[in-house]
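Subject: Handing over the model

Hi,

Here is the structure I promised to pass on to you. Have a look at it first, and then read on for my notes on what turned up.

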Amino acid sequence: MQTRNPFNSAVVVNPLMRDVDALFRELTQPMWRQAPRERTPAADILESESGLTLQLDMPGLEAKSIQVTVEKDILTVQAERKAEPRAEGVNVRRQERAFGTLARSFALPDSVDASKVEARYEQGVLTLTLPRREESKPRVIEVKVQG
């Protein structure tokens, strides 16, 4: 849906265009003015009878730099991508690859057994397996026939 900007009737306000404009401003800003900042990795959340699986895009990291913690039913993933050192006399003409902290937190449902969370990092994707508690797994109840 498009609406007109009341301050300038020639400008159409569109949320997508506003986001694209903000991204363009960020990418064209000189890198020396951009401080490292915390970024949020993209995540997929998959559910099955056995539990949940989280997949987070975290390319270009070493597995030892990734920290996964669970505290009070909050699962937090953090990692830091450090800027690569440049040789003397080498000038950066353009730098679009981000560095700084990657972090994301998830509230775990009561059905997840937080003590059994497993993590695997492969080809830039962190996969977290969150099994269900035994008592929360669906179970089949046999119907007995009397007769």
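From the N terminus on, the elements of the protein chain run β-β-α-β-β-β-β-β-β-β, which comes to 1 helix and 9 strands. Please keep in mind that this is a predicted model. Of the 147 residues in the protein chain, 19% are buried. Among the contacts with a separation of 6 or more, 52% are between residues 24 or more positions apart.

**The largest pocket**

The largest pocket holds about 400 Å³ of space. Its lining consists of 16 residues, and G60, R81, K82, A83 and E84 are the ones that lie nearest its centre. What is the make-up of that lining in nonpolar, polar and charged residues? The lining of the largest pocket has 9 charged residues, 4 nonpolar ones and 3 polar ones.

**Salt bridges**

Side chains of opposite charge can pair when their charged atoms come close. The count for this model comes to 6 salt bridges, and three of them are described here.

K82 forms a salt bridge with E80, at 3.8 Å from N to O. K82 counts as exposed because its relative accessibility is 61%, which is over 50%. E80 has a relative accessible area of 42% and is partly exposed. E84 pairs with R86 in a salt bridge, where the closest N and O atoms are 3.8 Å apart. Both ends of that pair are partly exposed, E84 at 46% relative accessibility and R86 with a relative accessible area of 42%.

The other one is between R132 and E47, and its closest N and O atoms are 2.7 Å apart. This pair links distant parts of the chain: E47 belongs to strand β3 (residues 43–48), while R132 sits in the segment after β9 (125–131), 85 residues apart. Are the two partners buried or exposed? R132 is buried, with a relative accessible area of 15%, whereas E47 is exposed at 61%.

You will find D113 in the loop between β7 (100–107) and β8 (118–122). Although D113 is in a loop, D113 counts as buried, because its relative accessibility is 14% and the cut-off is under 20%. Setting aside residues up to four places away in sequence, D113 touches P131, R132 and R133.

L126 lies in strand β9 and is buried, with a relative accessible area of 3%. Which residues is L126 in contact with, leaving aside its neighbours within four places in sequence? The list is L54, Q55, L56, M58, I66, V68, V77, A119, R120 and Y121. L126 and A43 are also worth a glance: they are 83 residues apart in sequence, and their C-alpha atoms are 9.3 Å apart in space.

T76 is placed in strand β6 (residues 74–81). T76 is buried too, with a relative accessible area of 17%. Its side chain makes a polar contact with the side chain of S105, at 3.0 Å. Beyond the residues up to four places away in sequence, T76 touches Q67, V68, T69, R104 and S105.

**Backbone angles to look at**

Most residues other than glycine have a negative phi, and most peptide bonds are trans. Against that background, two residues are worth a check in your viewer. D73 is not a glycine, yet its phi is positive, at about 65°. D73 lies in the loop between β5 (66–71) and β6, and at 37% relative accessibility it counts as partly exposed. Q123, which is not a glycine either, has a positive phi of about 50°. Q123 is in the loop between β8 and β9 and is exposed, with a relative accessible area of 79%.

That is everything from my side for now. Enjoy exploring it!

Best wishes

Terms used: Residues are numbered from 1 along each chain as its sequence is written. This is a predicted model: local features need pLDDT of at least 70, side-chain atom pairs count only at pLDDT 80 or more; totals for chains, interfaces and linings use all residues. Side-chain values use heavy atoms; hydrogens and water are left out. On a 1 Å grid over the protein atoms alone, a cavity is a set of points where a 1.4 Å probe fits but cannot get out, and a pocket is an open set with protein on both sides within 12 Å along at least five of seven lines; lining residues have an atom within 4 Å of a point. Grid points are joined across faces, edges and corners, and a volume is the space filled by probe spheres set on the points. Ala, Val, Leu, Ile, Met, Phe, Trp, Tyr, Cys and Pro count as nonpolar, Asp, Glu, Lys and Arg as charged, and the others, Gly among them, as polar. A salt bridge is a side-chain nitrogen of Lys or Arg within 4 Å of a carboxyl oxygen of Asp or Glu. Helices (H or I, at least four residues) and strands (E, at least two) are DSSP runs, numbered from the N terminus. Buried means under 20% relative accessible area, exposed over 50%, partly exposed in between (1.4 Å probe, protein chains only). A polar contact is a pair of N or O atoms within 3.5 Å; within protein, one must be able to donate a hydrogen and the other to accept it, and residues adjacent in sequence count only if both atoms are side-chain atoms. Contact means heavy atoms within 4.5 Å.
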